[in-house]
Amino acid sequence: MEGVSKTYGDVVALAGAGIVVRRGEMLAIVGPSGSGKSTMLNIMGTLDRPSAGTVRIDGHTVDALSDRQLSALRARTIGFVFQAFHLAAGVPALDAVADGLLYSGLPRGERRDLAERALRGVGLGERLHNEPHQLSGGEKQRVAIARAVLGEPPLLLADEPTGALDSRAGEVVMEVLHTLHREGTTVVVITHDRDIAASLPREVRIKDGRIEHDSAARNEPGTATGTAVGEAAVERVGA
Ligand SMILES: Nc1ncnc2c1ncn2[C@@H]1O[C@H](COP(=O)(O)OP(=O)(O)OP(=O)(O)O)[C@@H](O)[C@H]1O
Ligand SMILES: [Mg+2]
């Protein structure tokens, strides 16, 4: 993201935010309520378009893509875990996850096999047939993660995945995210939790819609040089 701003009427949600996230990184975005974190994540994930500035993903300038091209890019590149996660009442975990592949063209049996594997991957192999009211908050959040990573997206964006959980359940969810990161997924996590933020390889602090600190930046704010190995997922715009 370079110079990205987002305004809603006279509310400035983001004010010229710049960040480079490289393939294979795991980072925390922290900041007070209303500082623009979700706005930033939604724009990073192409769910929302900026009022000004440039977003590039995997070499594609988002502005230049049609809605259809953008949905295709999003579908193959990005998994989301939303701040207000929601699982439909009465739907067992396995179906909730398998439904994420409804439009994939895969036959039902294969969708369910993949969903089962994803649920085992987040430690819910013994909860496949539980409905939401039979799952703890942390387990529900892990179902949401399983659904987000079903298509093995290279980039996972998670908005307060531990926000509604006690510290033990939060740790389990973070362990799932760390495992995905170790397996090569790029993980961006919004969190209010200072301990979680400090435990990640990179911390980006945002305030009043601006990035006020980036632990990966050497000199200039918002132009991280990155410490992660691997190819740049997002090249520095204009570099
Ligand atoms: N769709 C919208 N319409 C109008 N204002 C909005 C909209 N979305 C966000 N805002 C405003 O933009 C600012 C940033 O919101 P955002 O959701 O990005 O904050 P946040 O950092 O994620 O906060 P929290 O930690 O509480 O989730 C807030 O002042 C919010 O009221
Ligand atoms: Mg938010």
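Biologist: Which residues have the most contacts inside the largest nonpolar core?

Modeller: This is a predicted model: local features need pLDDT of at least 70, side-chain atom pairs count only at pLDDT 80 or more, and totals for chains, interfaces and linings use all residues. Residues are numbered from 1 along each chain as its sequence is written; chains are lettered from A and ligands numbered from 1 in the order in which they are written. A nonpolar core is a set of buried Ala, Val, Leu, Ile, Met, Phe, Trp, Tyr and Cys residues joined through C-beta atoms within 7 Å. The largest has 60 residues, and those with the most contacts inside it are Val-97 and Ala-146.

Biologist: Which element gives the most to this core?

Modeller: Helices (H or I, at least four residues) and strands (E, at least two) are DSSP runs, numbered from the N terminus. With six residues, the top contributor is α5.

Biologist: Which residues does Val-97 touch?

Modeller: A contact needs C-beta atoms, placed from the backbone, within 7 Å. Residues up to four places away in sequence are not counted. That leaves Ala-115, Ala-118, Leu-119, Val-143, Ala-146, Arg-147 and Leu-150.

Biologist: Which residues of α6 are buried?

Modeller: Helix α6 covers residues 167-182. Buried means 20 or more other C-beta atoms within 10 Å of the residue's own, exposed 12 or fewer, and partly exposed in between, with C-beta atoms placed from the backbone. The buried ones are Gly-170, Val-173, Met-174, Val-176, Leu-177, Leu-180 and His-181.

Biologist: What covers the buried residues of α6?

Modeller: The cover includes both strands and helices. Among them are β3 (26-30), β8 (155-159), β9 (186-190), α5 (137-149) and α7 (194-199).

Biologist: Which strands stand at the edges of the sheet?

Modeller: Strands pair if DSSP finds at least two bridges between them. Six strands form an open, mixed sheet in the order β7-β8-β9-β3-β10-β11. Each edge strand has a single partner, so one side is left without a neighbour in the sheet: these are β7 (78-81) and β11 (210-214).

Biologist: How many bridges join β8 to β9?

Modeller: These two strands run parallel. Leu-156 stands opposite Val-187 in β9. The bridges joining β8 to β9 number five.

How values were computed:
The expected span of a helix is 1.5 Å times one less than its number of residues. Two residues are in contact if their C-beta atoms, placed from the backbone, lie within 7 Å.
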